[in-house]
Amino acid sequence: MAGVGRNFSLAALMLVVLALAALALPSAMWVCGVAAVLGLAGVVAFRGNGWRSAALVAAAVALSLALLDAFAGLLSPGAMGQGLVRTTEPRHWPPPNPVLGFRPLPDTSVTATATYGAELIYRRTYNFDAEAARITPPAPAGADTYLFVGDSFTFGQGLADDETLASQFAKATGLRVRAVNLGVPGYGPNHLVRMVEAGLLDLYRQRPVRAVVTWIIPAQLARVTGEGSWLGTSPRYALAGGALRYTGSFDEYRWSHPLAGLRYLLGQQFAFIDAIGREQRQAEQIELFVALMRRLHEDVRARFGVPLYVVYSWPDETSGSGYGQQGIAQSMLVDVLARLRKAGMTLVAVDQLTGKYDVSQLLIPHDGHPNAFTNELIAADLARRLVK
């Protein structure tokens, strides 16, 4: 009995060490490595063949999970900005929002810093007006209004207020128009549709809105199914019988559908689990993405009576093979654009505007987001299209 008590005490100590490792280590793969070492230690320290065998099995399982995760990680495409350390002051930003999950507050500022090793990549202060839009150049009274909605590309992550796409657009028109920057880092089309349908843009209906502009990238496909740690409280839409339906937040859905919640949690921790069924999941994401973009196009028409212009950093029919290494079949991505065109959206290809420049001239170093020069090129094209 003394040996059994000793084994229980050792097992409890190992579980405490494993729990501390889970809190302190950066990934599940490292935690599995610690679990494997603890299991091997148990083979030596435990008394009794049953306990030692159990410890050996636990070590083998933990090591197998770590190796599977490492192998799956090698096959997965690297994330944009990998190796970059980003911080904000205040730390938890954007703050929670009951409708969209998260959104900047009116009349606030946030300072964002990005470093790559010892190198400072940027340190910018983002400023927001009374309507929670990022500050853009002032416009004359009664000027035509253009709404810019989207994610970090539209927002201008890593750029000064006057370097964003909306600000560059206002400057390209000679400051004759009001450009409203409603971009928020991490958004997807689900956020934009909810923004319109919840009436958050209705305050602009009293103004002469002439167009709504958004910017799409392939990374947004995963956001429409909530595949991101920051998206739990974000709006979730589902397709049922071909009809798009708002269902609440992703967290609410996962709590009410435990198997879906468990798959998501395990997929967040283990790359090899996330890879299971990936192609089917990507096909579902594409269908949902296209449906949301169509809904956004229709809602913009219904609310404002104006067109939706879609800027895209995305492979099209002119792109070479292996464009961007997005981890999704390029033919599927090209087909998305064809379906958006068929739905009546006007598409603006970033590559056609930037193709003659080296990539080092177009992106923030180590970050992957467009720099001020890229925004200037796109803004000039939009001004030619939209402002007469």
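Is His-366 partly exposed or buried, and what is its relative accessible area? Here is a short tour of this predicted model, starting with that residue.

1. **His-366.** This residue is partly exposed, since its relative accessible area is 36%, and buried would require under 20%. You will find His-366 in the loop between α13 (350-354) and α14 (372-386). Its backbone deserves a look too: phi is near 65 degrees, a positive value in a residue other than glycine. Most residues other than glycine have a negative phi.

2. **Leu-175.** Here is another residue that is not a glycine and has a positive phi, in this case of about 60 degrees. Leu-175 sits in the loop between α5 (165-172) and β7 (178-181). With a relative accessibility of 37%, Leu-175 counts as partly exposed.

3. **The loop between β1 and β2.** Please look at the prolines here. Pro-90 lies in the loop between β1 (85-89) and β2 (96-97), and a cis peptide bond with omega of about 10 degrees joins Glu-89 to Pro-90. Pro-94 also has its place in the loop between β1 and β2; the bond leading from Trp-93 to Pro-94 is cis, with omega near 0 degrees. For context, most peptide bonds are trans.

4. **Strand β11.** Moving on to a strand, why is β11 described as largely enclosed by the rest of the structure? The reason is that 5 of the 5 residues in this strand (residues 308-312) are buried. In a regular strand the side chains alternate between the two faces of the sheet. In β11 both faces are covered: one side carries Leu-308, Val-310 and Tyr-312, the other Tyr-309 and Val-311, and all of them are buried.

5. **The neighbours of β11.** Strand β8 (residues 209-216) runs parallel to β11 and is joined to it by 5 bridges. Strand β12 (residues 346-349) is also parallel to β11, with 4 bridges between them.

6. **Helix α6.** This helix (residues 189-197) is largely enclosed by the rest of the structure, because 8 of its 9 residues are buried. The buried residues are Pro-189, Asn-190, His-191, Leu-192, Val-193, Arg-194, Met-195 and Val-196. An α-helix has 3.6 residues a turn, so residues three or four places apart point the same way. After α6 comes Gly-199, with a positive phi near 85 degrees.

Terms used
Residues numbered from 1 in each chain as written. Predicted model: local features only at pLDDT ≥ 70, side-chain atom pairs only at ≥ 80, totals over all residues. Heavy atoms only, no water. Buried < 20%, exposed > 50% of the residue type's maximum accessible area, 1.4 Å probe, protein only. Helix = DSSP H or I, 4+ residues; strand = E, 2+ residues; numbered from the N terminus. Pairing = 2+ DSSP bridges.
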